[in-house]
Structures are given as structure tokens and as C-alpha cells.
Amino acid sequence: MAATTSFAAAVPSASSSLSKTLKSDSKNLSPNLGFLSSKAFQPLTARVLPASSVGGTGSALAARMVSTPLIKSPSLLDFETSVFKKEKVSLAGHDEYIVRGGRDLFHLLPDAFKGIKQIGLIGWGSQGPAQAQNLRDSLVEAKSNIVVKIGLRKGSKSFAEARAAGFTEENGTLGDIYETISGSDLVMLLISDSAQADNYEKIFSHMKPNSILGLSHGFLLGHLQSLGLDFPKNISVIAVCPKGMGPSVRRLYVQGKEINGAGINSSFAVQQDVDGRATDVALGWSVALGSPFTFATTLEQEYKSDIFGERGILLGAVHGVVESLFRRYTEHGMSEDLAYKNTVECITGIISKTISTQGMLAVYNALSEDGKKEFEAAYSASYYPCMDILYECYEDVASGSEIRSVVLAGRRFYVRDFLPSFVVVSFLIC
């Protein structure tokens, strides 16, 4: 039984098909496509097939579903709140507790933030400006006297941007990092991962006993675990992680002033609670950011899934796929202009728009019958190589190797550009 071993010959045909044969088609998806199937949480096994059995595209491996369950349902994360209403919802057969947000809940913020007189927000990257302004505006609407103060390193160019957003030294809402930390009851640490790793000892030493450390990413926990350390036992540690970049968090919050319900959903976690306030403070933080829905996670789950997702998709995966296809096309004689249209424009044009507005399944359903066959062949050929790479990425994150590499890379960055270690990067996302 002969089976071809190279996918090279199929690449131009399959990719150009995707850009040329998209059309309306509502027929059901083939059950062989595991990632689009209702049984996507089942394992895939590979078997060698003749080239003719997979459309003659040259794929040596075809992914086929089997019936043995692979992934156990995640455990239900419960929490108690005395301020907000907790609801149980069912998502894909899994129960989960959430809190619905909305501007009609802003009047509850003083109760959620009981005992807090000043919120110190450290950093002015992607999340910093959005979270600072959203918190400030929500607390004003709630008629609260809580001060939101920005802490920046001396000499930072971000002072001017913070002043432009209404935070000033004169009104006590802008100052030095450690002065701000020392005077705050809730410290929201929104600086870069590597800066957190290099400065956590000094940050902890300036925090008041029984104050609350707020994070929007679990990286610091992973870094401490890799060193066999933990957070100080005299502070609470929480996280609120918006599921979008800072500019979107602010833009949709502003939109929510006209359309109640607009906003970016957030997860929250309570790592330590020294006095019983942590959960309500975290939920209040999320509601004040304008999150329509807030759901529970753990800090460890957050950093592992977040860093893994970044490494698997955000930080280079799409770019790498596009570049490898472009090289393959041009090596086989396609002009650079046409190769560009079949790679970059194919992704940034109709495919990304279809996924954004209708979901991944819509891409497949919009293909012609021939296009669907080529899609299945391409999916089958790419599944296992991608799976191997992603497993390796996850193992690097879970073992702490990726966290150590981030810290070392950050230190090289400081040395190269003669910067102090305490800097905020503009692309911090959560």
C-alpha cells in the first residue's frame, strides 16, 4: 500500500483553493475534523493511507476520530461573595460559576472595596491606562472617595501620558512607584513579566500588612514557584485578567456608557486571602473594569494557559505559517506577488474576517465540495506536526523553562538598551 510522504506538491493547490472557492454552503461538517466536531475532546489516532484515499494531495497521515475520552471535565471552581450575585451556567456541558457585570452594579463597588482608601496601579503599558481610567470613572460614578493613583519609575516618559489622562502629582493621583505602593491598600501590578521577576522582593517589602496584591497575569506565581518561593503570608493575592488588550478594555468600557453590556470579559483568581475580603475585592475590580461576565480560575491555571496560548498562537505562529507557505510557493516557481496574495492576504482578508464574525466552522462550511476535500487533507497532514510543537510548548511552560527564558530575555533587553530593570513594556496583554 503506497503512501506519499511529502505535502509540498499540495500546498499551492490547497491554499489557493481556500482563497478562491469560498462560497455559501450550509452542509454539515465531516465528522473526521476533530477540532470542529462536537466530540473534539476525544483523541485522534493516525494511520497511513494511500494518497488516493485523501484526495491525492500527498498527505501521508490522516487524522481519524476514536471514541475513547481523552480529557476529563475540569473541576467546578466555586467561590463565595457577599456583595455580588453568583450564577451557575452550563457551557459545553460543563457547569461554571460566574458574576454578571453592568454599570447598574457600580453602586456596589464601595461595599466590594471595603477597607480600601487608595488603589495603586503600577505601570502604564497596554493594560495600565485602560484599567486605571476605567476604575477611576467607575468609582466616581459610584460616588466613592477611593483614590486611584498611578505609580511610575522616576524619569519615565509615561508620566506625560498619565497626566494627559487626568492623573497628576498635584491631586495625588500620580507618583513614584514605591511611594505609591507604600500608601496603597490595593496594589495592581501591571508591569512586564521580567520586571516583576527582577523587582518582586522590593515590591513586597513596600506593601502594607494586610494589603492586597492585584495581578492581571499569573507569571509572578510561576516565577516564584520556579525558585521554590511564595508570596508573603501577610498580604492577600488576587488576579483579574481581562480577555483582551488594554485599548479594547477601555474602548468597550466607553461604549458601555451608551450600551450597557459592552465590555471585555475577565477571569479572576484568589491565591491568598488573609482577611476574607479577597474575593469581593477581585469581583469589584472586574465589575469596575466593565467586564460583562467574570468567571473563576486559579493563578496557576491562568499563567500556564495564557503563556501557552501566547506561544502557540499570538507570538509568531500565524507569522511562521504564512512565511513557510510563502517560501514553499516561491521555491516552486510562484511569483512573490501571487505568493503574498495566497498567504498574507489570504489570512488577513476573507479567512480572518470569516473566523472573527462567524467562527472557524464557517470557513469550512463556505467551501465548495472540492475545497472541503482539500481542507480535510490539509488538516490531516498538519495536525500531528502542530500537536508535537504545541505539546513541547506546553511542557516548557509547565516545567518553568519558558518562564526562566522570559526573565533572562528581559535582562538582556535592559543591558542592551542601558535601561533600569523596572520598565513597563507596551505590549503587556492578559
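Predicted model: local features only at pLDDT ≥ 70, side-chain atom pairs only at ≥ 80, totals over all residues.
Residues are numbered from 1 along each chain as its sequence is written, and side-chain values use heavy atoms, with hydrogens and water left out.

Let me start with the cysteines. Cys241 is buried, at a relative accessible area of 1%, whereas Cys386 is partly exposed, at 41%. A search of the whole structure for disulfides, meaning pairs of cysteine sulfur atoms within 2.5 Å, finds zero.

Cys241 is also among the residues that Ser267 touches, with heavy atoms within 4.5 Å and residues up to four places away in sequence not counted. Ser267 is itself buried, with a relative accessible area of 1%, and its side chain makes a polar contact with the side chain of Lys243 at 3.0 Å; a polar contact is a pair of N or O atoms within 3.5 Å, where within protein one must be able to donate a hydrogen and the other to accept it, and residues adjacent in sequence count only if both atoms are side-chain atoms.

Finally, the charges over rings, where NZ of Lys or CZ of Arg must be within 6 Å of the ring centre and within 35 degrees of the ring normal. Lys86 lies over the face of Phe79, 5.6 Å from the ring centre, and the charged end of Arg103 sits over the ring of Tyr253, 4.7 Å from its centre.

Methods
Buried < 20%, exposed > 50% of the residue type's maximum accessible area, 1.4 Å probe, protein only.
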